[in-house]
Structures are given as C-alpha cells and as structure tokens.
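Please study the sequence and the structure shown below before reading on.

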Amino acid sequence: MNVDVEQFHAVFFDESNEHLQAMEDLLMTLDVDNPDSEALNSIFRAAHSIKGGSGIFGFDALTGLTHVMETLLDRARNQTMSLSVEIVDLFLETVDTLNATLQAYKDGGELPSDAINAGIDRLEAVLGSTGSSEPVAQAGESDDVLAESEDADDGFGFFDFDDIAEPATAVDATDDLFGDLAFGAEASTDNPQAPDGKETDDISGFGFFDDEALPAQPAASQSEKSQPAPVTPKQNVTPIAKGKAVSQTKTPAKESGSIRVDTYKIDGMVNLVGELVITQSMLSMIGNEVDGKAGEMLQTAIDELQRNTREIQESVMSMRMLPVNMTFNRFPRVVRDLSQKLGKQVKLVIEGGATEIDKSLIEKLVDPLTHLVRNSIDHGIESPETRQAAGKPASGTVVLSAAQKGSSIIISIQDDGAGLNRERILNKAMENGLIHSDDMPDSDIWKLIFEPGFSTAAEVTDVSGRGVGMDVVRRNIESIGGRIEIESKVGEGSSFNIHLPLTLAIVDGMCVAVGDQIFVVPLLNIIESFQPRAEQLQSLSNDNVLWIRGEYWPLVALHELMDVEGAIDAPEEGIVVLLESGKKRFGVQVDALLGQQQVVIKSLEKHYRKVAGVAGATIMGDGKVALILDADSIAQTCQDALKQEACA
Amino acid sequence: MTEATLQQSPVGSDEREYLSFVLGKEYYAIDITTVKEIRGYEATTKIANAPAFIKGVLNLRGDIVPIVDLRIKFDVGEPTYNEFTIVIMLHVYDRIVGVVVDGVSDVVRLTEAEVLPPPEFGVAFDSQYLLGLADVDDSMVILVNIEKLITSDALALVDNSQSAALAG
C-alpha cells in the first residue's frame, strides 16, 4: 500500500470531531426510558465511523475504545440491553475520552492510556453485566442482522439521505471522510478486535485498501441498494476546513450540495473582493467626471457594477459565516454536568442558534461563553430549596440566545437566579481598593466584576470563584472587537450581553477629517459627536476637558496625537466625537465628519509595524490609505504620555 | 529572483546583478533580486510619531506598504518630491517596503572580485549595512546590504519581536 494516507489524517480528525459532537448531542437528548431508535442508530453509526476510520489510519487506541462502545450501543439499539442514566453517563465519559485521545493523536501528544483502559474496562463491565458470554462475537452477529434492515453506514459516501428524523446526521459526516478517499470495492480495516469475519460488513466501502481487502462481500453492495429512497447525490459538507456539522441547521428537506474548502482560499477571496470594492468606488469617482452621453452610459454601467460587487461581497462574506449553534451545541452538556455536580436543577434554553457569525469569532467565543454559563449556574442559579423558599420554581433556567441587530450580533446569557449582589461586590471592591465610595450606579458596580482578581464567591470551588475568570472573559471579548454588558436585578436574575461585530474583516466606520488626512473611527466605539460650545470646554493645567451632562471628559486632539499639520486647533471650531472603549470614555477632537462607511481592515503589521492608537488601515475610494483608530490604544497612549509628563 | 538568476548564470560564476540608483550626488546599488518594481512617487498617508525618514504608508494593490526616504536616512541630497522622484519597491523577507531615491540609473553586473571593501575609517556610513564599494564607469557605487538595512532596528520598520523572528 503505497498511498500516502497522511494527507487524509486532517480530514479524519475533522470528521471524528463532528461524529463525537453528534454523539454527544444525541446522547444528551436521549430519553433513557424510551430511546428513539433513530437516535441510537445515529450514535451507533458515529461510533462506528470513528472505529472504521481509526482502524484505517492505525489509531489503535481509538479503535479499541470505540469498538467496545459500539458493541454496547449495538445492543442498546437492538433492545437486547436497556439503557440507564448510568450507561448514558458512561457513554458521555467515553466520548470525552475519545475526544482527548483524538486530540492526542492530532497534536502528537501523549495518549491518555489510563483513561482509555479504564473506559474499556468499565464498558466491558457493563457489557458483562447485561448478559451474553461472548460479547464481541455477538456484536458481530447483530451487526450482520442489522446490515439487512437499515444499516445506512455501509457503503458510505456518495449517498446521503436528507432524512427529516435525523437533522444532526452522523451519516453526513461519514460521507465527508470517505468522499475524500477513493472508493468502490469492499475492503476491511485491520481491526484487531474483530475476530468475526462478518464484522467487516460494516466497515466495507473504504475502497482504497484493495490490496489487503477481503474478497468482495455481497452484503455491502446489497446494503447500498437497500438505502431509503430519497438518496441525493451529495458532494460534501461545510464551507470551511475545520468546520463541524453545518448540516445541523439545514432544513432537512432542502437539497443542498456543499464543498469543503480551505479557509485560506476563502480569506484570499475576501481580500480580493475588498480590492474589487475599492476599484469599483474609484470607478464611480472617475465616472462622475465624465460628461455627456458617454457619462450617462458609464454611470448606468457603474451602477450595475456597484450592485454586483455588493452582492459578491455579501456572498463571499456569508461563506465565512457559520451558525452560532456551533458554539452553543456544547452547552447542554456543560449545563447537565455542572448542575449534577452542584446539585442544582437547571434548564437550558437555546434561542437563535441559527444566527450566523464569522467563523473566526465562533472559535474565540467558546471560552468566554463557557465561563459565563458556568458562572450563571454556579453563582446565579440558587439551590432548589432556596429557590422554592423564594417562591420560584425549583428548576432554574439559563437562556442562551443570539440575535443580529444591525451590523452587530448580540449573544446573551440570562439566568433567573439570585442576581448580582450589590453589597457584596461593593465590599469586595472596597477591600481590594478598587473604589473608595459606594455612591455608584448599578451599571458601574456590575462592571467591577470584570476587574482582575475579583471574585465574590464565598469559597473557591473547582467550578469558579478564583477570580481569574471574568477579566479574561472581558479581555477575550474585547480582543474580537466586542464588548460585554451586564443587567441584573436582585432576586430576579442577571443577564450578560455580548455585543460582537458581524465580522472581523470589515468594520463600520465614521470617516473623519483632520487636516488633509482621513481617519476611520469604528462606529462601535462612538457614543455621539457634536460641535462643542465654548462653555463646555474647560482647561485643566493646559489640557482640555469637556463638560458634558454633568461629567468631565478628557479631550484628545487627534491632530496632536497623530501629528497632522493644518488641522483646526480650537476645539469649538471643530467637532468632538465621544468614544467609549473597554473602560475609558473620552472625546476626540477632529475637523469634520465625512460620513459613515464600511471599510475593509488591512493589516499595518504585515509590511510595517504596530502603530500606537491605530488598529489598522484601509483603502479609501480614491486609493489613498486611511488609518483606522483604536480607541483603547488611544486611551492607553494618552495615559502613558501623561504619566511620563508627570514623572519628568 | 528566478529571472535574475537565470540571466546571470550563463555569464560568470560569481557575477551578480545590482540595481544602481542615485541619492543626491552619490551612487548606490542593491541586489536586484530584492527589487519588486519601480514606480513614481505618490503622496503617502503619514504615520504619527514615526521617524522623519518614514514618509508614511501607501496602497500597493491592496497592501499597505511603508515608504522610507533613504535620502533622509543617509543624509544625502535634498528630500524633494517631484514627478522625477522614484520609489523602488523592495520585497524582503515577505515584506514589501518602498524606498524613495532621486533616480534609478542602471543595472550593473559585478563579480565578487570587483566588490572592494570600504575604507577602514573616515566614513560615517554604518559598515554593517555595506556590502562593499565598486568602481563602475569611473564612479564609485556603494553596495548596500538592503535586507539587513530593512530589518534593522535603525529603520524601525519591523517590531522587535518580528525582527528577532526574521533574523532567526
């Protein structure tokens, strides 16, 4: 066999991740007393696909564990064994172990051998206790029986059914792997734990390994024919390389072919389209200068071009978009495990999971969201007794929701627990010397919990309470251009709202003029802009201070900060834009506002270096470069400059 | 890279091609394989708090490229900008940098033997950015180690962390 198998490893890892996720989802929703046979079949198939794939690639640790699991699952779906919560828990743990093992293979790390062996032992113990003296052989037997009835995983690839009963489709994902391999003829993986020849039935269809294949098995081709009627030729899933089962959000009835594409290629395309948008606006500018009939015709053509470019841009951007469910779908498990551990009853409600968000954001959302959800359950939701005493239902509710509002996405984690405790936060903040007065509005107090080292938990548990979390959460969210807000009412619960940009590649900006230069201020940071009146301007040791609605705001003159000549010097003749970043609020003095526009963010660091106060650059309609301001960095720069002055 | 190498290979064993340009009254030359393109000077977007020799950034077909005026850096000639001012776009370590010069003169071929060491003292020019000197048509051409110069701290074109990575 001189085919380079390595190139398929990445695909196998991706696929297996999808399978494991699908298994977990299905296990979570499984009704133990009256299990849905379709769900059990899907779980079985997922385990089976992992086993088959890992066998091919020689990932024996995976093969061993999935094999025992598969045997058990097989009995469950044949109803020769009844499920219990313990067994489902055991399956879930096995999924965790498999995940860890998979990760170890992927990173070339050390295999969690102990966990694997322990897992196998425990599964086999269950296997032993549910009858049958020859577990493995029997499993093979039952496989065979099933192959005739509905063994959809045989002959994977090419076909997929858009089965309404199975939205998460493990089968889908199976296709992906084997769609990439060659196939046709039957083959066997060298599965060390499959003494029974019939076992090979269900791993047939791998083609590819013809040279060590067993004689062709009629059963396989038969089962291919025996697939349910609506077989759709399917070209494969997910628009992104590392994606998980996107098919989850598809309407099952819709026929949709899809291709797996490297994100690198999509990013390249996003860049090119950005260029196209710039070229198009250059053309429009030139078009305005052409007179007469030719000018009219040119204008029409440019309008057409403009519409097309906009559509191309939208569709390219949508390629990067994934449903936020990709992040949300891990939380049923988190909530289940955690509420069991803490002895609380928690119901998780997920809303708006189909809301789409940029892929790069999805990955970066996982950690902060996990922290917030754990936080809600640990600190927010009270114990059943306390809840009942307070006249609330014993079971708490955590609502995880996502919605799009204009050009931003709002993800909120809302619980109906005790709410934040104003007194406790204040006391703690006083203790830590963060504040010196308790005369603050609630909204400012809630912000204190994002300070490093801040935890109001009475005792440190392994769930939360070390105070390392919330500041990291805020930092993570700010690093992807978002911000987080808290609403809370004592006794009624709290809500953490995360505002995120739709995408990182494009930003909604306000173009401002300073001298002969143009800067772009991200709209996300802008509170308002106005022309200051003389009485709103005060001077504090020669630095300007703004007096707005009972508060003093620092005022930064952009032409001084950015060293631009020929700008308006007197603040009352220019425009002040009020900005808000992480925790700083300040005004920026500019000459004029030029208008709002979406700009494509370009890196300055690629060919140059990081510049203080600047987040990146963009190319304007005339081909000129404009710098995009970074409110956080401006605040920081000014503060550092002041400190230096004070020291000098 | 390829074209230049192909051209020089049949001629001589150690002959290399250099692009020579004028700064003030002096002739300089750089390894031609680092040159991406030559274009006229156009207005740049200024970068705050950058040294004077960094003129700013401009848009090179979608890339935001910094522009360095070597006349200011080397303190030769007058930094004037008119329709004859030239920008040489360099491609060094996957980065694009434009350098402003007074004019591009020629492509010169030099063997290693023709590249002479600079005088040991009496020259202010930092010798670490110098490959050597050569005599071409009776005038001295200063061969600049442009890769070293571009990534040097002296130009401050690269973040410290990045320059460490480039050097390594």
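A residue counts as buried when its relative accessible area is under 20%, as exposed when that area is over 50%, and as partly exposed in between, with a 1.4 Å probe and protein chains only. This is a predicted model, in which local features need pLDDT of at least 70, side-chain atom pairs count only at pLDDT 80 or more, and totals for chains, interfaces and linings use all residues. Residues are numbered from 1 along each chain as its sequence is written, chains are lettered from A and ligands numbered from 1 in the order in which they are written, and side-chain values use heavy atoms, with hydrogens and water left out.

**Salt bridges within chain A**

- A salt bridge is a side-chain nitrogen of Lys or Arg within 4 Å of a carboxyl oxygen of Asp or Glu, and the structure holds 25 of them over all chains.
- One of them joins D96(A) and R333(A), whose closest N and O atoms are 2.7 Å apart.
- D96(A) belongs to helix α4 (residues 85–107) and R333(A) to helix α12 (residues 331–342), both of chain A, so the bridge ties together parts that are 237 residues apart in sequence.
- Helices (H or I, at least four residues) and strands (E, at least two) are DSSP runs, numbered from the N terminus.
- D96(A) is partly exposed, at 33% relative accessibility, whereas R333(A) is buried, at 7%.
- D96(A) and R333(A) also belong to a network of salt bridges that includes E24(A), D89(A), R336(A) and D337(A).
- In another salt bridge, D416(A) meets R387(A) at 3.0 Å, N to O.
- D416(A) lies in the loop between β7 (408–415) and α15 (422–431), and R387(A) lies in helix α14 (residues 384–389), 29 residues apart.
- R387(A) is buried, its relative accessibility being 0%.

**A salt bridge between chains**

- The side chains of D563(A) and K46(B) form a salt bridge of 3.9 Å, N to O.
- This pair joins two chains, because D563(A) is in the loop between α18 (558–561) and β16 (575–580) of chain A, while K46(B) is in the loop between β3 (35–40) and β4 (54–60) of chain B.
- D563(A) is partly exposed at 36% relative accessibility, and K46(B) is partly exposed at 30%.

**Helix α10 of chain A**

- Helix α10 (residues 292–319) of chain A has 28 residues and reaches 41 Å from its first C-alpha to its last, close to the expected 40 Å.
- The expected span is 1.5 Å times one less than the number of residues.
- Buried residues of α10(A) include G295(A), I302(A) and T309(A).
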